[in-house]
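Here are a few notes to read alongside the model.

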Amino acid sequence: AVLTIDPAAAAALADWLHLGWRALDAVAAAASQPATVQLWPEHFDAATEMGSEELGQRASFGASPGDAGHLEPYLYVAAWSEIDRSNPYWNDRHFNGASLPYTALLEAEDQMRVALDFLLAGYRILHG
């Protein structure tokens with residue numbers, strides 16, 4: 001079968017993954033026990049894991065192109081342990097964690113700063 005690819009959609013996806021990958025690399029460089037950032041084929045998201053599992057600090061950090069629960073791309077921090085849902089950071093109801101939608105980044109003057117702030121906030125919360 002012929003696969004038709006919309007060039008504008010492919011470029012938007014590439015830009016999203018590039019931004020996410022750069023932000024994840026920057027956070028991983030400052031984190032404890034980071035795994036390599038990679039593209040996960042089952043979700044098609046760029047993601048890594050960071051923190052100590054033994055201390056309840058490990059989480060997945062990623063950039064997703066969207067899914068059934070999120071109609072637009074989003075950054076996420078998915079904690080491997082229990083989280084305090086009274087903390088407004090932990091805002092996602094589809095998984096055990098937090099998400100930042102693409103529209104929040106589009107509205108930002110410095111998209112990379114907003115992405116880094118979001119990801120680092122999750123890392124800091126998990127590490128006390």
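This is a predicted model: local features need pLDDT of at least 70, side-chain atom pairs count only at pLDDT 80 or more; totals for chains, interfaces and linings use all residues.

1. Residues are numbered from 1 along each chain as its sequence is written, and side-chain values use heavy atoms, with hydrogens and water left out.

2. Let's start with the helices. Helix α1 (residues 7–29) packs against helix α3 (residues 111–126) at an angle of about 50°, and their axes are 10 Å apart. Helices (H or I, at least four residues) and strands (E, at least two) are DSSP runs numbered from the N terminus. Axes are lines fitted to C-alpha atoms, for helices over the stretch in contact, with angles from 0 to 180 degrees between N-to-C directions. The pair α1 and α3 is therefore oblique; that class takes what is left after roughly parallel (under 35 degrees), roughly antiparallel (over 145) and roughly perpendicular (65 to 115).

3. Which residues of α1 and α3 make the contact? From α1 come Leu19, Arg22, Ala23, Leu24, Ala26 and Val27, and from α3 come Met112, Ala115, Leu116, Leu119 and Leu120; contact means heavy atoms within 4.5 Å. By class there are 10 nonpolar, no polar and one charged residues. Here Ala, Val, Leu, Ile, Met, Phe, Trp, Tyr, Cys and Pro count as nonpolar, Asp, Glu, Lys and Arg as charged, and the others, Gly among them, as polar.

4. Serine 60 sits in strand β3 (residues 59–64). Is serine 60 buried or exposed? With a relative accessible area of 19%, serine 60 is buried (buried is under 20%, exposed over 50%, partly exposed in between, using a 1.4 Å probe and protein chains only). Leaving aside residues up to four places away in sequence, serine 60 touches Thr48, Glu49, Tyr76, Val77, Ala78 and Trp80.

5. Two backbone angles may interest you. Glutamine 33, in the loop between α1 and β1 (38–40), has a positive phi of about 50° although it is not a glycine. Phenylalanine 44, in the loop between β1 and β2 (45–50), has a positive phi of about 55°, and it is not a glycine either. Glutamine 33 is partly exposed at 47% relative accessible area, and phenylalanine 44 is partly exposed at 37%.

6. Finally, glycine 66 lies in the loop between β3 and β4 (74–79) and is partly exposed at 24% relative accessibility.
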